[in-house]
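Here is a short briefing for a reader new to this structure. Start with the sequence and the model below.

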Amino acid sequence: MCDLLRINTDRGVMLHNGQTRFFIDGNPVYHFLGTSTFSKFTVVHAGCVAKINPRAPLDKVCILSCEYPQVCDRKNAFLNGKRFEGLGAALNVAKPRKGSTVAIFGLGAVGLAAAEGARISWATRIIGVDLNPSTFNHAKRFGVTEFVNPNDYDKPVQQVLAEMSDGGVDRSIECTGNVDAMISAFECVHDGWGVAVLVGVPNKDDEFKTHPMNILNERTLKGTFLGNYNSCTDLPSVVEKYMNKAIHFISHLYELELEMEMEMEKFITREVWFRDINKAFELMLRGESL
């Protein structure tokens with residue numbers, strides 16, 4: 001991974017000269033993850049920009065962005081765009097087989113996109129894991145078949161999932177950034193063939209700890225950035241597919257191709273004016289908005 005796209009929340013400056021591009025009262029305003037899109041105008045490195053069809057509706061296609069919540073200039077509406085990464089984490093990294101059992105940790109926008117990827121891959125059981133029960137009904141629209149709230153049990157959630165799935169799930173995808181959830185996602189997969197994929201970004205001081213036997217028993221742990229998509233080249237083509245109301249998936253696992261309607265609108269739970277951006281974050285934290 002090149003230094004430009006490497007996750008680095010501390011950098012906050014332009015690459016070539018280490019300086020910011022914005023100031024308030026003489027004080028520097030630092031970039032977040034190289035984009036800083038909570039503004040009508042911004043300055044970013046060319047490698048962080050993807051040119052898309054100018055006819056594309058910005059209040060819809062911003063959902064395809066990854067990691068970075070987007071500001072739609074045309075409507076000044078705040079939208080949280082994280083679908084691209086969750087979908088890629090399932091289709092490109094976890095690669096569940098037909099009939100698999102998949103656990104999704106975190107049912108926010110990324111997690112729901114991962115659930116949709118599992119559904120597209122014909123997973124039979126998709127188990128959503130979240131502390132907020134209000135997310136469960138909405139998650140059914142994305143293919144989630146069962147729900148687990150860790151607070152409802154007096155045992156570790158990985159043990160609960162193992163008991164539900166005859167020894168462990170086939171695939172798990174962690175979409176919270178919480179290191180405890182990451183550990184649970186790894187320890188809930190089945191010995192021998194289970195694969196856990198970490199998507200969420202943890203705090204920089206967090207440590208991932210597990211017993212070495214979990215690795216010796218042939219569980220696999222993977223991480224992904226941008227869902228293993230190349231955003232500069234792949235994002236424009238996905239926008240075109242959306243505008244044609246279809247997206248073309250190729251499954252190398254089954255040597256099959258699948259054409260399906262691309263329903264990004266179901267990821268939009270509400271629109272909030274930019275001046276109310278703090279309200280948008282509050283809604284998201286309460287589980288009332290994606």
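This is a predicted model: local features need pLDDT of at least 70, side-chain atom pairs count only at pLDDT 80 or more; totals for chains, interfaces and linings use all residues.

Residues are numbered from 1 along each chain as its sequence is written, and side-chain values use heavy atoms, with hydrogens and water left out.

**The sheet**
- Six strands form an open sheet in the order S7-S6-S5-S8-S9-S10, with parallel pairing. Helices (H or I, at least four residues) and strands (E, at least two) are DSSP runs, numbered from the N terminus. Two strands pair if DSSP finds at least two bridges between them.
- Strand S7 (146-148) and strand S10 (220-223) stand at the edges. Each has a single partner strand, so one side of each is left without a neighbour in the sheet.
- The twist averages 20 degrees from one strand to the next.
- Strands S8 (residues 171-174) and S9 (residues 195-198) run parallel, joined by four bridges. Arg-171 has Val-195 as its bridge partner in S9.

**The loop residue Asn-53**
- Asn-53 sits in the loop between strand S2 (27-29) and helix H1 (58-61).
- Leaving aside neighbours within four places in sequence, Asn-53 is in contact (heavy atoms within 4.5 Å) with Glu-240 and Met-243.
- The Asn-53 side chain reaches the backbone nitrogen of Arg-55 at 2.9 Å.

**Across the sheet**
- Helix H3 (residues 109-120) lies across strand S5 (101-105), strand S6 (125-129) and S8.

Definitions and conventions:
A polar contact is a pair of N or O atoms within 3.5 Å; within protein, one must be able to donate a hydrogen and the other to accept it, and residues adjacent in sequence count only if both atoms are side-chain atoms. Axes are lines fitted to C-alpha atoms, for helices over the stretch in contact, and angles run from 0 to 180 degrees between N-to-C directions.
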